[in-house]
Structure formats: structure tokens, C-alpha cells
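Here is a short briefing for a first look at a predicted model. Please keep the structure in view while reading.

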Amino acid sequence: MSFTKWNFIMTVFGIFSFLFDIGVDLWISVKYFQQELYLFGLLTLFFVLLSTLIVQAFSYSWYEDDCAEDSHGSMTLVLIIHLFLAGTLLRYWYAVKYGYQATYDHRKQKPEDTKKKAVCAMTDLSMLRCFKTYLENTPQFILQLYILIEHGEITIIQCI
């Protein structure tokens, strides 16, 4: 198991791409509502919300499993964070924390334990992002194709 500086940099980049994806999804929904295409706006929000709820459920259940062997803090706080749909951000925080310790700060714990925690955090994040990709982007892609066929034109917002 290894966690390199490149892994750390890509984790930080992953946070920005995650936030960018949320912003673009909200932006396109707002644009649909402004164009009075309410069904398209609602469908886009529905796909985003459904995938987020499923990812949060998996994330929380994995935290419960992980806490049996290694506590990340109060499970009540973790549950509240997941109820506010921020479980992925919490996982990113742990991945960055452990990744930083594994790559730059070797004083706090054993290097192998820290690398293991960083790799485990990244593995969970990768699975959750994979779930979100297929649960959200596939229906959105089909919706965008329908809009293209229906209206015969595509905007830059849809491409993004």
C-alpha cells in the first residue's frame, strides 16, 4: 500500500471537481427553470438528489462498519452530516487529512498506519464517486440526448 504526493494532489483536485459538478448541476437546473422548461429542471434536480441520497446511505453504512474497528468520532455527528447530504465532503476531509499525514507529516503516527488510513479513505471515496457517476450522469445524459432530439439544438450549458 502506498499513498504518494500525486495521490494527495489528485485528492485535492477531486474536491474541486466534486464541487464543480454540484455547481454545474444546479446551474443547468436554474437555466431550465428560467427558460420555463420546468420538467427538465425538475428531472435534473431529481437525478442529482436521488443519486446523492443513495451515496449518502452507502457512505453512512460504511462509516458504521468502520467504527466497529476504528472510531472516526461520534456516529451521531456523522449521521447529522450525512442527513445534510455532506457525507462525501466529510470523506474528502478525512482523505485529505490522512493523505497529508501520509505524504508530508510523518511525525504524528506510524507511517504505515497513516498510509493505510489514507488508502482506505480514498478507496471509499472512489467507490462513492463511481456510484454517483452512474446513478446521476447516466440519466442526465439520456435527458440531454432527449432534449437535443426534441429541440434540435444544444447549448453550451448542456455540454458542460
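S51 touches K132, L135 and E136, leaving aside its neighbours within four places in sequence; contact means heavy atoms within 4.5 Å. S51 sits in helix α2, residues 38–67. S51 counts as buried because its relative accessibility is 0%. Buried means under 20% relative accessible area, exposed over 50%, and partly exposed in between, with a 1.4 Å probe and protein chains only.

This is a predicted model: local features need pLDDT of at least 70, side-chain atom pairs count only at pLDDT 80 or more, and totals for chains, interfaces and linings use all residues. Residues are numbered from 1 along each chain as its sequence is written, and side-chain values use heavy atoms, with hydrogens and water left out.

**The whole chain**

- The protein chain has six helices and zero strands; these are DSSP runs numbered from the N terminus, with helices (H or I) of at least four residues and strands (E) of at least two.
- Along the sequence, the pattern reads α-α-α-α-α-α.
- The C-alpha trace spans about 60 × 35 × 20 Å along its principal axes.
- Of the 160 residues in the protein chain, 34% are buried.
- Among contacts with a separation of 6 or more, 70% join residues 24 or more positions apart.

**Helices α1 and α5**

- Helix α1 (residues 5–34) packs against helix α5 (residues 111–151) at an angle of about 25 degrees, and their axes are 13 Å apart.
- Axes are lines fitted to C-alpha atoms, for helices over the stretch in contact, and angles run from 0 to 180 degrees between N-to-C directions.
- α1 and α5 are therefore roughly parallel to each other, a label for angles under 35 degrees.
- On the α1 side, the residues that meet α5 are T11, G14, S17, F18, D21, D25, I28 and Y32.
- On the α5 side, they are M122, R129, K132, E136, Q140, Q144 and I147.
- By class, this contact has five nonpolar, five polar and five charged residues.

**Two loop residues with positive phi**

- E36 lies in the loop between α1 and α2.
- Phi of E36 is near 60 degrees, a positive value in a residue other than glycine.
- E36 is exposed, with a relative accessible area of 59%.
- L85 is in the loop between α3 (75–83) and α4 (87–103).
- L85, also a residue other than glycine, has a positive phi near 60 degrees.
- L85 counts as partly exposed, at 33% relative accessibility.

Conventions
Angles under 35 degrees count as roughly parallel, over 145 as roughly antiparallel, 65 to 115 as roughly perpendicular and the rest as oblique. Ala, Val, Leu, Ile, Met, Phe, Trp, Tyr, Cys and Pro count as nonpolar, Asp, Glu, Lys and Arg as charged, and the others, Gly among them, as polar.
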